[in-house]
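Hi there,

Here is the structure I promised to pass on to you. Please have a look at it first, and then read on for my notes.

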Amino acid sequence: MEFVKTVVLVTYFTLLSILSVYGAHRLWMLLLYFRHKKDVPQPQGDESYLPVVTVQLAVFNEMNVIERLMDHVVKMDWPKEKLEIQVLDDSTDDTVKVASAVCDRYKALGFDIHYLHRTDRTGFKAGALSEGLKVAKGELVAMFDADFLPTEDFLRKAVPHFANEKVAFVQGCWAHLNREFSLLTQVQAILLDGHFVFEHTARHRSKAFFNFSGTAGMWRVSAIADAGGWEHDTITEDADLSYRAQLKGWKGVYLKDLVVPAELPVEVNAFKSQQHRWAKGNAQVIRKLMKTIWKSNESLHTKLECWFHLTANCNYMLMVVLSIIMVPAMIFRAGTPVHILLLTDGPFFLLNAVSVGLYFGLSQKELTDNTGWLRRLKYIPGLMGLGIGLALNQAKAVLEGFFTDDKEFKRTPKYGVDANGKSVTKRAYKVPKSLMTFLELGFAIYYFGAVLVAIYIRKWASVPFLWLFFSGFSYMSILSLADVKLFRRLAMEEPADDAQSAANFVQ
């Protein structure tokens, strides 16, 4: 028993130490952000710089949102004779009819629109983008996923940065149309805000590599070709291409104030599918490029930022192990004096829990000049619980990325939810439930029992943490098992607290 106790506690503290390194890096991101906050990128071009632009819209079974997307794209402020629009449709449902009809309507109004439908989905999104480039007229290409709503001034703000011939891509910032839809969307919004407010800004302005996010951005066509083109040996083709381009000497520009609203997944299985794809894709990029990055002549700062970005999801594997041994570790440490617990656990608490609270809490403060951000702080514990509840899903994704050759791109369903939380859904696209959900339910039951044990042995300090694990796993498992239509109907019963959530993001 003494041997088992030693193994458990050594593993426990080793895992906490590794996770704390990533917690410390979170604080480093904050430091970099505030150090470079005023270093706003300035374009070299002005209003006279008017290259031909192709807008690429890669869609697959997006009947709920394709018309809304097109309505916003045609409103973008750019000379008609220098704007081409490509709808790259791989759909297998009635989206084909809807998309082609919308294209015909706007073509009749004088827009240069081309509808390209593929029946062979080779390469998925990367393959569609690559096919579109073969016939694209533009020197630059702008890209928007189907759930994004490009603003009228998007091209006017982004294009001038390409007057610098070293710029390969420009990335805009994501906002959230349906932040107020439910607890799930509130937490998702805060998670993404941390990434787009702090990570992208800090990396770009400190001259490290940062990743193109696949949508709400633009590329120079010649840079895509020079970097090797869109490749589909990973399912995060955006990160792959952006790293390859930067390794070739090209630069990216991140514009935090170029805000593009988008729809967040409103159903847990769709959210888990999206997160699974991102985690798996980044693991594939590690396999493909990490060795090249470390062998390159880039600075140590750049190499470390690539490492922390691409390996962040690997922590979920550690979280799974930690979730298993946390309860026995608690039992083995019963009776430990309080001052010893403060010395051993205090630094871990500061570098993990406190760093998360600071990081995501301050991201909300940076988005607005008023005090509205304070009411969002109540969602931080939910964010922590959601991260824990995702552990099994994400750990599986990372292992698949490292050890399988599966490159299937699984889309995230969109429902056409607007800023007021109203849905215009024409068709309910569903994500299949995973057997992993039952394992998450098992962990929820395990941690409910752990809470009872902690109360019984009077480990009061452990109860809040055990409850956090219980709530994370139970939320994920129960809502994953719930009927999609019922979930969405219940979510819609609560009126939006802030109908202008996307607008407030810009303020």
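Let me start with Val74. Leaving aside its neighbours within four places in sequence, this residue is in contact with Ile85, Tyr106 and Phe111. Please keep in mind that this is a predicted model. You will find Val74 in the loop between α2 (66-73) and β2 (83-89). Is Val74 buried or exposed? Its relative accessible area is 11%, and Val74 is therefore buried, the cut-off being under 20%. If you want a sense of distance, take Leu358, which lies 284 residues from Val74 along the chain: the C-alpha atoms of the two are separated by 40 Å.

Next, the helix packing, where I looked at α1 with two partners.

Which residues make the contact? On the α1 side they are His25, Met29, Leu30, Leu32, Tyr33 and Phe34, and on the α6 side Val197, Phe198, Glu199, Thr201, Ala202 and Arg203. Sorted by class, the contact of α1 with α6 has eight nonpolar, two polar and two charged residues.

The other pair is α1 with α12 (residues 338-366). The crossing of α1 and α12 is left-handed. By class, 16 nonpolar, six polar and three charged residues make up the contact of α1 with α12.

Finally, the cysteines. How many disulfides does the structure hold? The number is zero. Cys314, for instance, is in no disulfide: the nearest cysteine sulfur belongs to Cys306 and is 14 Å away, whereas a disulfide needs the two sulfur atoms within 2.5 Å. Cys314 has a relative accessibility of 16% and so counts as buried. Cys103 is buried too, with a relative accessible area of 2%.

Do write back with any questions once you have had a look.

Best wishes

Technical notes
Residues are numbered from 1 along each chain as its sequence is written. This is a predicted model: local features need pLDDT of at least 70, side-chain atom pairs count only at pLDDT 80 or more; totals for chains, interfaces and linings use all residues. Side-chain values use heavy atoms; hydrogens and water are left out. Contact means heavy atoms within 4.5 Å. Helices (H or I, at least four residues) and strands (E, at least two) are DSSP runs, numbered from the N terminus. Ala, Val, Leu, Ile, Met, Phe, Trp, Tyr, Cys and Pro count as nonpolar, Asp, Glu, Lys and Arg as charged, and the others, Gly among them, as polar. Buried means under 20% relative accessible area, exposed over 50%, partly exposed in between (1.4 Å probe, protein chains only). A crossing is left-handed if the near helix is turned anticlockwise from the far one by less than a right angle, and right-handed if clockwise.
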